[in-house]
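Dear colleague,

Please find the structure below, handed over for your study.

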Amino acid sequence: MAVCKEYNQLLQKAVSKKTHTRQFFNAVRREDPMYITRLFQQLHEEVFREIDCLKCANCCNTISPVITDRDVQKMARALKIKPSEVASTYLMIDDENDYVFKSTPCPFLDNIDNTCRIYESRPKACREYPHTNHPDMRKVLNITYKNTFICPAVYLIINEMEKYLNIKPY
């Protein structure tokens, strides 16, 4: 299933505003961290009342999360196989010495309806994606910037933030 047209258009807008978005994130870094975190969390809740991830799944189609040893254990139980089989069948070690999926799209993504075949046992990074409700947004601003071009919800959150903040990214 492809990303729906509306969400695709949002992602195209995000890419077209890449320089502006980088400057905006640089300005956000100078703001009060607690305020920024609260604002992200508030806008996360608002935007995700409207966004339907099952109409998109761009994250599952294009990026691979970091997989922890605990994630491997949970996936193994869900799949009823050994953790070593999960690792050898689905995972590889990346340049940063982390487990990631061998390929994209995610091997557990159902391409018919964009559901996850291991949803209840999905990796922590998947459960927390796109990280816009993180308890300390300072720690995830770099990945949030990158997610602006992957997740239409993040793009919408950033657009809404610009309305709340009196900062000039230029």
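This is a predicted model: local features need pLDDT of at least 70, side-chain atom pairs count only at pLDDT 80 or more; totals for chains, interfaces and linings use all residues.

Residues are numbered from 1 along each chain as its sequence is written, and side-chain values use heavy atoms, with hydrogens and water left out.

Helix α3

Helices (H or I, at least four residues) and strands (E, at least two) are DSSP runs, numbered from the N terminus. Helix α3 has 16 residues, 33–48, and should span 22 Å at 1.5 Å a residue; its end C-alpha atoms are 22 Å apart, which agrees. The expected span is 1.5 Å times one less than the number of residues.

Which residues of α3 are buried? They are Ile36, Thr37, Leu39, Phe40, Leu43, His44 and Val47. These residues cover an arc of only 165° around the axis, so they are on the same side of α3. The arc is that of the directions from the helix axis to the C-beta atoms. Here buried means under 20% relative accessible area, exposed over 50%, and partly exposed in between (1.4 Å probe, protein chains only). An α-helix has 3.6 residues a turn, so residues three or four places apart point the same way. The cover over the buried residues of α3 includes α2 (18–28), α8 (141–147) and α9 (152–164).

Backbone features

Thr104 and Pro105 are joined by one, with omega about 0°, and Pro105 is in the loop between β2 (99–101) and α7 (124–128). Another joins Tyr129 and Pro130, with omega about 5°; Pro130 lies in the loop between α7 and α8.

Lys80, in the loop between α5 (69–79) and α6 (83–90), has a positive phi near 60° although Lys80 is not a glycine. Is Lys80 buried or exposed? Its relative accessible area is 74%, so Lys80 is exposed. Asn114 also is not a glycine and has a positive phi of about 60°. Asn114 lies in the loop between β2 and α7 and counts as buried, at 5% relative accessibility.

Pockets

On a 1 Å grid over the protein atoms alone, a pocket is an open set of points where a 1.4 Å probe fits, with protein on both sides within 12 Å along at least five of seven lines; lining residues have an atom within 4 Å of a point. Grid points are joined across faces, edges and corners, and a volume is the space filled by probe spheres set on the points.

The largest pocket holds about 1,200 Å³ of space. Of its 49 lining residues, Cys59, Ile63, Ala125, Cys126 and Tyr129 are the closest to its centre. Helix α7 gives the most to this lining, with five residues.

The second largest pocket holds about 150 Å³. It is lined by Lys124, Ala125, Glu128, His131, His134, Lys139, Val140 and Ile143, and α7 provides the largest share, three residues. One of these lining residues, His131, lies in the loop between α7 and α8 and counts as buried at 14% relative accessibility. Beyond its neighbours within four places in sequence, His131 is in contact (heavy atoms within 4.5 Å) with Ala125, Met137, Val140, Ile143 and Asn147.

Yours sincerely
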